[in-house]
Amino acid sequence: MDRNITNDSSFDELLESFLSGDIEELFHDKDKSSVQLGNLLWDKMPSVNHIKPLFYSQFESCQYWGTYIVNEGNDDGRELMDLAICLAGSHFATVRYNICSALWDFWNNRFIEALILFLNDRDEQTRMVALSLLGQIPVKDFESIVYKLKKDEYTACKLRHSIEYFSALRANNVESLKGIIQNTNDEVLKKVELLRDS
C-alpha cells in the first residue's frame, strides 16, 4: 500500500490520497495495493455521497473507483447516477465500462443519449454491454433510441442487424428472426469470400 496509508487510516485520509494523485501510479502499474486501497475507501465511506469528489478528479483511479462503487454498490449507487453519467464521455475506457454496466441496474430514459454514446464506444467490451442493454430496455425507450439511431446513418448502418433483430424479437416475429439471422450469416460468408479472394 501507499506508505502513508494503513488499514487504520480514516476515510478522509484515504480520499485525500486518491485526490492528490498518490494512487494514480499504483493504479496504472496494476499494483494490487491500489485495489486494496480502493476497497478500503469503499469500506470506510460513511455514505455513497462522500465519494462525490472522486467524480471531479482528472485522475483515472478516482473516476474508476467512483464509477465502480456506483456500479457495484447496489441501490446506494442510484443516488450518484446523475453524477456518474457526466463521465460517459470520459477518456478512460475503464470508467465508461463501469457507467455503461451501471445502466443495467439504474436504467432511466434520461440516459438514452449516454447509451447511444456507448453503442459507438471505441472499447469493444463497453459496446457489447451497451448492445445487450439495448435489447433489454423498455419498449418505449427502445423505439425512441432506434428513432434517434436511424437519424445518424453511420450508427444505423453499423447496428442495422442488431436493431432488426431486437425489433423482431420484441414483436415475437419468428419468421423475421430466422430471415435476419440467415441474412447476417450470408453477409459474413460474403466477407470471408472477399478476404479469401484478395
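Trainee: What makes I85 count as buried or exposed?

Mentor: Keep in mind that this is a predicted model. The relative accessible area of I85 is 17%, and buried means under 20%, so I85 is called buried. I85 sits in the loop between helix 5 and helix 6, and, apart from neighbours within four places in sequence, I85 is in contact with I99, L103, F111 and A114.

Trainee: Why is N172 called exposed?

Mentor: N172 has a relative accessibility of 63%, and exposed means over 50%, so N172 is counted as exposed. N172 belongs to the loop between helix 11 (160–170) and helix 12 (174–197).

Trainee: What is noted about the phi of N172?

Mentor: Most residues other than glycine have a negative phi. N172 is not a glycine, and yet its phi is positive, at about 55°.

Trainee: Why is helix 4 described as largely enclosed by the rest of the structure?

Mentor: Of its 13 residues, 11 are buried, and helix 4 is therefore said to be largely enclosed; among those buried residues are Y64, W65 and I69. The elements that cover the buried residues of helix 4 include helix 1 (11–19), helix 3 (32–44) and helix 6 (93–105).

Trainee: How do you know that the length of helix 4 is close to what is expected?

Mentor: From its first C-alpha to its last, helix 4 (residues 60–72) reaches 17 Å, which is close to the 18 Å expected at 1.5 Å a residue. Just after helix 4, N74 takes a positive phi of about 55°.

Methods
Residues are numbered from 1 along each chain as its sequence is written. This is a predicted model: local features need pLDDT of at least 70, side-chain atom pairs count only at pLDDT 80 or more; totals for chains, interfaces and linings use all residues. Side-chain values use heavy atoms; hydrogens and water are left out. Helices (H or I, at least four residues) and strands (E, at least two) are DSSP runs, numbered from the N terminus. Buried means under 20% relative accessible area, exposed over 50%, partly exposed in between (1.4 Å probe, protein chains only). The expected span of a helix is 1.5 Å times one less than its number of residues. Contact means heavy atoms within 4.5 Å.
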